[in-house]
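This briefing is for a reader who is meeting the structure for the first time.

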Amino acid sequence: MKRKVWTVENSDIHGKGIHAIMDIAKEQSLGIAYTLIGKVNDNHIAGEIHELGMYVNHSKMPSAQPRLEGTSVLLVSLHKIKSQSEITVNYNDFVKLGIVNLERPSW
């Protein structure tokens, strides 16, 4: 099993965020953000939202991006990320991959 390279901490961007706990190399997988449960009209339906997907914040200059791998959406670093830095994604990258969330009853 891969060693976890991030943790959830308070964010300067919004609420909680994902922060590196060590230096992370470019193109390194950070883990699973979403597990996909199907596809409808060319959209991938996200079922389970993992901790990584739940707490990653948006940035127009992200340090990571989503990548489809089988039935999972991974986050992968775009460049070297220094320890203690907040890891961000551009939420529009999820849309470009055709990933949509199922509406939750609590919403």
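Two strands count as paired if DSSP finds at least two bridges between them. The model described here is predicted. In it, four strands make up an open sheet in the order S1-S2-S8-S5, with mixed pairing. The edge strands of this sheet are S1 (6-10) and S5 (57-58), and each of them pairs on one side only.

**Strand pairing**

- Ile18 has Ile87 in S8 as its bridge partner.
- S3 and S4 (residues 43-49) also run antiparallel, and six bridges join them.
- Thr35 stands opposite Glu48, a residue of S4.
- S3 and S4 form a hairpin, and two residues lie between the strands.
- S4 has a pairing with S9 (residues 99-101) as well, in the parallel sense and over three bridges.
- Ile45 has Val100 as its bridge partner in S9.

**The largest nonpolar core**

- The largest nonpolar core holds 20 residues.
- Trp6, Ile24, Leu30, Leu75, Ile87 and Phe94 are the residues with the most contacts inside this core.
- Strands S2 (16-20), S3, S7 (72-77) and S8 (86-89) each supply at least two residues of this core.
- S3 gives the most to this core, namely four residues.
- Leu30, one of the core residues with the most contacts, touches Val5, Trp6, Ile24, Leu52, Ala64, Leu75, Ser77 and Ile87, leaving aside its neighbours within four places in sequence.

**The largest pocket**

- The volume of the largest pocket is about 270 Å³.
- Its lining consists of 14 residues, and Lys2, Arg3, Lys4, Leu30 and Gly31 lie nearest the centre of the pocket.
- By residue class, the lining has six nonpolar, four polar and four charged residues.
- Strand S3 (29-40) and helix H1 (51-55) each provide at least two residues of the lining.
- S3 gives the most to the lining of the largest pocket, with four residues.

**Two buried loop residues**

- Val56 is found in the loop between H1 and S5.
- Is Val56 buried or exposed? Val56 counts as buried because its relative accessibility is 4%, and the cut-off for buried is under 20%.
- Not counting residues up to four places away in sequence, Val56 touches Ile18, Leu75, Ile87, Thr88, Val89 and Tyr91.
- Val56 and Asn101 lie 45 residues apart in sequence, and their C-alpha atoms are 15 Å apart in space.
- Asn90 is part of the loop between S8 and helix H2 (92-96).
- Asn90 has a relative accessible area of 15%, so this residue is buried too.
- With its neighbours within four places in sequence left aside, Asn90 is in contact with His58, Ser59, Lys60, Pro62 and Ala64.
- Asn90 and Leu78 are twelve residues apart along the chain, and 11 Å separates their C-alpha atoms.

- Most residues other than glycine have a negative phi.
- Which loop holds Glu27? Glu27 lies in the loop between S2 and S3.
- Glu27 is not a glycine, yet its phi is positive, at about 65°.
- Glu27 counts as partly exposed because its relative accessibility is 44%, and partly exposed covers the values between under 20% for buried and over 50% for exposed.
- Asn41 lies in the loop between S3 and S4, and belongs to the turn of their hairpin.
- The phi of Asn41 is near 50°, a positive value in a residue other than glycine.
- Asn41 has a relative accessible area of 70%, so this residue is exposed.

Methods
Residues are numbered from 1 along each chain as its sequence is written. This is a predicted model: local features need pLDDT of at least 70, side-chain atom pairs count only at pLDDT 80 or more; totals for chains, interfaces and linings use all residues. Side-chain values use heavy atoms; hydrogens and water are left out. On a 1 Å grid over the protein atoms alone, a cavity is a set of points where a 1.4 Å probe fits but cannot get out, and a pocket is an open set with protein on both sides within 12 Å along at least five of seven lines; lining residues have an atom within 4 Å of a point. Grid points are joined across faces, edges and corners, and a volume is the space filled by probe spheres set on the points. Ala, Val, Leu, Ile, Met, Phe, Trp, Tyr, Cys and Pro count as nonpolar, Asp, Glu, Lys and Arg as charged, and the others, Gly among them, as polar. A nonpolar core is a set of buried Ala, Val, Leu, Ile, Met, Phe, Trp, Tyr and Cys residues joined through side-chain atoms within 4.5 Å. Buried means under 20% relative accessible area, exposed over 50%, partly exposed in between (1.4 Å probe, protein chains only). Contact means heavy atoms within 4.5 Å.
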